[in-house]
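Hello,

Here is the structure I said I would pass on. Please look at it first, then read my notes below.

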Amino acid sequence: MQAVECFPLNNGMYIPACALGTWLAEPHLVGNAVKIALQNGYHAIDSAAAYENEQEVHDEGFKPIFEQGKLLREEVFITSKLWINSKEKSCVRKACEDTLSKLGCKYLDLYLIHWPVSLRQKNNWPPQAEDFINVPIQETWAEMEKLVEDGLVKSIGVSNFTIAQLKELLAICKIKPVINQCELHVFNQQPKLCKFCADNHIHVTAYSPLGNNGNPDRRTDIPNLLEYQPIVDIAKKYNKTAAQICLRFLIQEGHSVLPKSTKEERIKSNFDIFDFKISEEDMQALRGMDKKYRTCQALCFFNGKS
Ligand code: A2P
């Protein structure tokens, strides 16, 4: 992992600054995208049980790369996430084992609680009010800690947690969460949450760092980040694309990024972000473009339960 730019975690491990995101990656394309990424400098892949593509990520991505010796398993940082219908004590290990089996891994580098809400194991989709249950964070986190103790995962963390939810977790944990993975991009910078995480040595990883334009459920009233003229203008100055500026901005702010693409050229160019630095003046300009635009509507979808 030495050759790859990384961020330190609070347990002594490191996370690569740029991973391929696989949320909403099209079936029959996602596995190949993982393979392309790993052949072109990426050392990290972000997955989740809820993306329902972990088997293909393994079959078309990890398997050929590891079998052909292009990379060793230890050279790739693999993240997955516990889905919200598996947060009860009796479900956590089984869910993790299922993910490990699909990804063909003996261990995960990072396992995250995907959302702070919980559903019954057998739920309607989309969930109805009666599908939501109250699973105390202590119950789920104790099981997550056992996964570390038993060697199934190296690090544990959370995703989509608010400051209040992190405080609750910090008050009861034996093993501190290493990461809070959140929607973070130029239009949604979440400075208070990021400061709280920094103060508590919790690394923040940015999902949807490009503004999540491909999501059919994305809010339609939010402009396309990659076509936003002030960002396009900054990109021209550096002879880079708007996407590269968006990613580089987040990395300079201290966040690892998870750009999703299944297109070879974009996968490559999204990783071509380590040979330049955005000036402090332009960083300030980009900070000033925050619009508190959260594109992910899952919170409304979850009936505002979070
Ligand atoms: P595609 O997979 O067809 O390349 P995010 O990571 O913020 O969720 O954004 C992902 C969306 O942005 C997807 O629709 C993806 O489409 C698109 N995308 C990824 N990389 C680029 C890029 N370099 N330029 C333009 N669009 C991109």
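A backbone N or O atom of Gly211 lies 3.1 Å from an oxygen atom of the ligand. This is a polar contact, meaning a pair of N or O atoms within 3.5 Å. Gly214 also places a backbone N or O atom 3.1 Å from a ligand oxygen, and a polar side-chain atom of Lys260 is 2.7 Å from an oxygen atom of the ligand. The protein covers 87% of the 570 Å² of accessible area that the ligand has on its own (Shrake-Rupley method, 1.4 Å probe).

The model is predicted: local features need pLDDT of at least 70 and side-chain atom pairs count only at pLDDT 80 or more, while totals for chains, interfaces and linings use all residues. Residues are numbered from 1 along each chain as its sequence is written, and side-chain values use heavy atoms, with hydrogens and water left out.

There are 16 residues around the ligand (a heavy atom within 4 Å), and Leu210, Lys260, Ser261, Lys263 and Arg266 come nearest. The shell divides into 6 nonpolar, 7 polar and 3 charged residues (Ala, Val, Leu, Ile, Met, Phe, Trp, Tyr, Cys and Pro are nonpolar, Asp, Glu, Lys and Arg charged, the others, Gly among them, polar).

The other item is a helix pair (helices are DSSP runs of H or I, at least four residues, numbered from the N terminus). Helix α8 (residues 242-252) and helix α10 (residues 280-287) pack at about 100°, with axes 11 Å apart (lines fitted to C-alpha atoms over the stretch in contact, angles from 0 to 180 degrees between N-to-C directions). That makes α8 roughly perpendicular to α10 (65 to 115 degrees). Ile245, Phe249 and Gln252 in α8 meet Met283, Leu286 and Arg287 in α10 (heavy atoms within 4.5 Å).

Regards

Terms used: A polar contact is a pair of N or O atoms within 3.5 Å; within protein, one must be able to donate a hydrogen and the other to accept it, and residues adjacent in sequence count only if both atoms are side-chain atoms. Helices (H or I, at least four residues) and strands (E, at least two) are DSSP runs, numbered from the N terminus. Angles under 35 degrees count as roughly parallel, over 145 as roughly antiparallel, 65 to 115 as roughly perpendicular and the rest as oblique.
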